[in-house]
Amino acid sequence: MNDDRIEVRRLIPAAPDRVFAVLRDPQGHVAIDASGMLMDADGDPVAAVGDSFVVHMDREALGDLPLGNYDVTVTIATYVPDREIAWTILGRIRPQIGHVYGYRLEPADGGTLVTSYYDWSNIHPQWREAGIFPVVPESSLRATLGVLDRTVRRGYPRAAATGAPAD
C-alpha cells in the first residue's frame, strides 16, 4: 500500500464465480455497500471493459458534502471473469476525479481470498490539491468485505432476485 491506495483482504468461503457474480451485478454493489451512500442501481450485470451502469447515491451517510441525491455512472475499467473487476466513477463533479475501485479474487483453501482496493493515484490535480482523499476510509472497505461475505453466504444473487433461500 501507499499514500494513494488502500487495499484490504478477506477470505470468503465460496468459489470465485459466486463472489464475482455479486461484483458484476449493479444491485450487488448496492447490496454490499457499507458506506451507506449507494441507494439503488440501474443496469444489467457487466460482462466486459467499457460496460457501465448507473448508481443512485446519497452522500448524507458521509456527512462531508451537501450533494443530496445524485447519480453516478460506473464504467468498468478491468474485467477478468472470476479474477478481477475494477471501475471508474463518472459523476456531476467537474473535472472528473479519476479514482478507481476494484476487487481481485484468488482461489484459496477454504474459498476465495478477496482483495478490495481503492486507488486515487491518478486523480485530477485539482482534487489532489483539495486534500479530500481518501473519501471512503479503509474501515468502509473492510466492512464492505464483511457484507460481501454475508451476501454470498445467503445465496446472492438467486436469493435476492427470487426470495428463495440459499442453497
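Trainee: Is Asp 58 buried or exposed?
Mentor: Keep in mind that this is a predicted model, where local features need pLDDT of at least 70, side-chain atom pairs count only at pLDDT 80 or more, and totals for chains, interfaces and linings use all residues. Residues are numbered from 1 along each chain as its sequence is written, and side-chain values use heavy atoms, with hydrogens and water left out. The cut-offs are under 20% relative accessible area for buried, over 50% for exposed and partly exposed in between, with a 1.4 Å probe and protein chains only. Asp 58 has 19% relative accessibility, so it counts as buried.

Trainee: Which residues is Asp 58 in contact with, leaving aside neighbours within four places in sequence?
Mentor: Contact means heavy atoms within 4.5 Å. The contact list for Asp 58 reads Gly 36, Met 37, Met 39, Gly 68 and Asn 69.

Trainee: Where is Asp 58 found?
Mentor: Strands here are DSSP runs (E, at least two residues) and helices are too (H or I, at least four), numbered from the N terminus. Asp 58 belongs to residues 52-58, which is strand 3.

Trainee: What does helix 4 reach from its first C-alpha to its last?
Mentor: The expected span is 1.5 Å times one less than the number of residues. Helix 4 covers residues 138-153, 16 residues, with 22 Å expected; its reach is close to that, at 23 Å.

Trainee: Which residue just after helix 4 takes a positive phi?
Mentor: The phi there is about 90°. The residue is Gly 155.
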